[in-house]
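The stops below go from one selection to the next.

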Amino acid sequence: MKNWLKGRKRARLLSLIQGTTVDDIDPLCGLVRVAQRKTECTVAPVAMEDNDHDAHSSSDDQDSTPPSPGPARLHHHEAEQDQDKEYVGFATLPNQVHRKSVKKGFDFTLMVAGESGLGKSTLVNSLFLTDLYKDRKLLNAEERITQTVEITKHTVDIEEKGVKLKLTIVDTPGFGDAVNNTECWKSVADYIDQQFEQYFRDESGLNRKNIQDNRVHCCLYFISPFGHGLRPLDVEFMKALHEKVNIVPILAKADTLTPNEVKKKKFKIREEIEQYGIKIYQFPDCDSDEDEDFKQQDQELKDSIPFAVIGSNTVVEAKGKRVRGRLYPWGIVEVENSAHCDFVKLRNMLVRTHMQDLKDVTRETHYENYRAHCIQSMTRMVVKERNRNKLTRESGTDFPIPVIPGANDTETEKLIREKDEEVQRPHLECEPEHTYGLKQDEHSSLELHSALGPDPDPETS
Ligand code: GDP
């Protein structure tokens with residue numbers, strides 16, 4: 001009976017714990033959602049099979065007096081014991097994963113790219129409520145002409161409800177600022193490749209325990225609100241990087257456009273992305289068994305691309321409330337108001353719903369591509385080298401062999417011996433000629449030695 005109670009209580013406790021974890025850990029939504037669903041499937045049949053007993057057990061759970069053992073109860077007891085035996089306990093696996101992940105902490109690397117002045121730093125600060133650009137030096141127009149694309153990295157440790165996140169922001173100052181912007185995406189692409197290379201080296205090395213993952217998980221690409229759709233530079237950048245990183249297009253400074261203009265621009269940009277074959281980050285399809293609300297939210301998210309955003313680091317007063325926004329003579333635009341812009345959608349997507357997916361796609365698709373290329377070219381190099389060695393061995397051209405016509409190995413050895421004997425013979429008479437002769441002989445002997453390859457033991461010769 002005690003055992004049975006323990007089993008039931010444990011099952012109840014489990015679902016209770018799981019319920020709270022879901023609410024508590026928002027950034028882990030995806031993981032915990034799945035975890036919860038799977039646990040319910042495993043635990044629920046135990047609770048549902050015997051409704052009668054369930055009623056008893058709930059009262060049992062509340063008052064600690066054990067139920068009196070009658071014949072019917074004994075029967076139930078046995079049945080429950082059988083069920084308890086079937087409960088192995090792997091339903092707790094999601095909890096174990098969850099606990100371990102929270103303990104370890106999370107990391108996320110976000111890249112922002114686009115012309116300067118489009119509001120990248122303002123948006124990043126608004127997204128994570130930090131000031132990541134304290135020490136930024138703004139260049140004047142003249143300096144910007146000659147400036148090359150730089151890559152800068154800022155890292156902050158954020159903690160929320162006990163969950164730690166190491167956030168790295170990679171910025172690309174100077175991108176698109178020069179008069180000639182040909183291939184200015186190259187240094188960005190190189191940076192992404194370098195991070196993959198570093199990771200590849202680390203995971204192929206001996207100490208794989210504390211690998212620092214600096215791979216870029218997402219790139220927010222800022223599109224100017226003032227052009228007609230994409231600019232050639234935007235197309236070039238996205239095409240060059242779409243197979244290396246998850247690109248999320250952003251329509252910058254949406255407050256400079258009317259709602260109708262935003263709609264039209266979004267449509268045009270989506271059309272051009274399709275037309276130029278740009279592969280931006282694809283949101284995963286939601287499961288068919290998801291509830292309607294979730295499905296609708298997911299569709300809205302997909303239709304929002306490119307996210308039209310407004311950034312601001314100032315708090316203003318609107319309708320008696322203090323909000324993050326931009327104050328204009330005609331009114332206030334609120335950053336976190338969904339009727340004004342897609343800021344909240346973007347933040348939810350990045351942090352609450354798709355952070356893990358962005359990391360998964362980086363690992364499973366972009367990094368795998370890089371790794372496959374690397375291994376392919378390494379294999380090609382090894383095969384080439386092996387073929388070269390084989391050829392060398394077959395043709396025997398590892399070292400320069402003077403061709404001795406008709407001479408086989410024994411003849412060569414005989415020749416060497418004769419020459420050595422000649423060298424060692426005492427040549428006391430006619431010293432000058434002999435010295436000359438000796439030098440000549442030494443030379444030929446050396447030549448022959450080298451023809452036979454390096455002496456395995458110079459001491460013995
Ligand atoms: P970055 O060079 O791309 O990092 O751009 P900054 O974040 O430094 O912003 C450049 C200027 O644009 C600053 O004066 C910001 O106040 C302003 N700004 C930033 N975001 C917005 C926005 O959403 N709307 C408007 N109208 N201005 C913005």
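Is Lys161 buried or exposed? Lys161 is exposed, with a relative accessible area of 64%; exposed means over 50%, buried under 20% and partly exposed in between, with a 1.4 Å probe and protein chains only.

Before going on, note that this is a predicted model, in which local features need pLDDT of at least 70, side-chain atom pairs count only at pLDDT 80 or more, and totals for chains, interfaces and linings use all residues. Residues are numbered from 1 along each chain as its sequence is written, and side-chain values use heavy atoms, with hydrogens and water left out.

**Whole chain**

Colour by secondary structure. The protein has 15 helices and nine strands; helices (H or I, at least four residues) and strands (E, at least two) are DSSP runs, numbered from the N terminus. Of its 461 residues, 36% count as buried. Among contacts (heavy atoms within 4.5 Å) with a separation of 6 or more, 71% are between residues 24 or more positions apart.

**The hairpin of β2 and β3**

Return to Lys161, in the loop between β2 (152-160) and β3 (163-171). The hairpin of these strands has two residues between them, and Lys161 takes a positive phi near 45° there. Lys161 is a residue other than glycine.

Select β2 and β3 together. The two strands run antiparallel and are joined by nine bridges; strands pair if DSSP finds at least two bridges between them. Glu159 stands opposite Lys164 in β3.

β1 and β3 run parallel, with seven bridges between them. In this pairing, look for Thr109, which stands opposite Thr168 in β3. β3 is mostly covered, seven of its nine residues being buried.

**Helix α6**

Select residues 120-128, which form helix α6. How many of the nine residues of α6 are buried? Eight are, and the helix is mostly covered. The buried residues are Lys120, Ser121, Leu123, Val124, Asn125, Ser126, Leu127 and Phe128. They pack against β1, β2, β3, β4, β8 (321-328) and α12.

**α6 against α12**

Two packed helices are described by the angle between their axes and the distance between the axes. The axes of α6 and α12 come within 11 Å and cross at roughly 65°. That makes α6 roughly perpendicular to α12. Axes here are lines fitted to C-alpha atoms, for helices over the stretch in contact, and angles run from 0 to 180 degrees between N-to-C directions; 65 to 115 degrees counts as roughly perpendicular.

The crossing is right-handed: the near helix is turned clockwise from the far one by less than a right angle. Show side chains for Leu123, Ser126, Leu127 and Phe128 in α6, which meet Phe343, Leu346, Arg347, Leu350 and Val351 in α12. The residues of this contact divide into seven nonpolar, one polar and one charged. Here Ala, Val, Leu, Ile, Met, Phe, Trp, Tyr, Cys and Pro count as nonpolar, Asp, Glu, Lys and Arg as charged, and the others, Gly among them, as polar.

Select Asp342, in the loop between β9 (331-334) and α12. Asp342 is buried, with a relative accessible area of 8%. Not counting residues up to four places away in sequence, Asp342 touches Lys266, Ser304, Pro306, Phe307, Ala308 and Val309.

From that list, centre on Pro306, in the loop between α11 (292-303) and β6 (307-308). The peptide bond from Ile305 to Pro306 is cis, with omega near -10°.

**Helix α9**

Go to residues 232-241, helix α9, where Leu233, Asp234, Val235, Phe237, Met238 and Leu241 are buried. Their cover includes β1, α8 (186-204), β4 (218-223) and β5.

Leaving aside neighbours within four places in sequence, Val235 is in contact with Leu230, Tyr276 and Ile278. Val235 and Glu272 are 37 residues apart in sequence and 8.7 Å apart in space, C-alpha to C-alpha.

**Last stop: Lys253**

Finish at Lys253, in the loop between β5 (247-251) and α10 (259-275). Phi of Lys253 is positive, near 45°, in a residue other than glycine. Lys253 is partly exposed, with a relative accessible area of 33%.

How values were computed
Angles under 35 degrees count as roughly parallel, over 145 as roughly antiparallel, 65 to 115 as roughly perpendicular and the rest as oblique.
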